[in-house]
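Keep the sequence and the 3D view open while you work through the exercises below.

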Amino acid sequence: MKKLLLIPLLFLSIILYSIEIPKNKGFVSDYENLFTSDQNYELTKILSEYETETTIEIAILTIPDYEGDIFDFAQETATAWGVGKDSTDNGLLIVISKNRRILRSQTGYGLEGYLPDGWLKGIEDRITQTYYKDSLYYQGTLLLIN
């Protein structure tokens, strides 16, 4: 009888914990309107060409707020969006939240040797301190993807 009571509680906790994933709009999903339409176009063009040349897929998400921890949110979003190729898991999701003052790069397992977390963290810190603090989101994002 106790097991029967635990099953509904388990499902309820899964439903309550599930992270709301924003809709993927393509290479750039700018929900905070940090980029002009021209900047959005240029970023999309750069990321599309980069994927054609390397097969590495990079997606950018700007969002005012998110649920839970940034690591979990970025991981769940990258997985739900299917960032990267299935066979190589070579995707990179860049999450920017002006409201939360967060820049987070989430790599697929296929990129971990190519883009180590410590190295990315150093670049993220520099971009946040030198570009994003002055609302230069496009310039800082260009630096991150180049």
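**Exercise 1.** How many residues apart are D125 and K121 in helix α4?

*Solution.* Step 1: find helix α4, residues 117-130 (helices, H or I, have at least four residues and strands, E, at least two; both are DSSP runs numbered from the N terminus). Step 2: D125 and K121 are four residues apart there, so about one helical turn separates them. Step 3: their side chains form a salt bridge at 3.0 Å, N to O (a side-chain nitrogen of Lys or Arg within 4 Å of a carboxyl oxygen of Asp or Glu). Step 4: D125 has 30% relative accessibility and is partly exposed (buried is under 20% relative accessible area, exposed over 50%, partly exposed in between, with a 1.4 Å probe and protein chains only).

The model is predicted: local features need pLDDT of at least 70, side-chain atom pairs count only at pLDDT 80 or more, and totals for chains, interfaces and linings use all residues. Residues are numbered from 1 along each chain as its sequence is written, and side-chain values use heavy atoms, leaving out hydrogens and water.

**Exercise 2.** Which parts of the chain does the pair D65 and R100 tie together?

*Solution.* Step 1: the two side chains make a salt bridge at 2.8 Å, N to O. Step 2: D65 sits in the loop between β2 (57-62) and α3, and R100 in the loop between β3 and β4 (102-107), so the pair ties together parts 35 residues apart in sequence. Step 3: R100 is partly exposed, at 34% relative accessible area.
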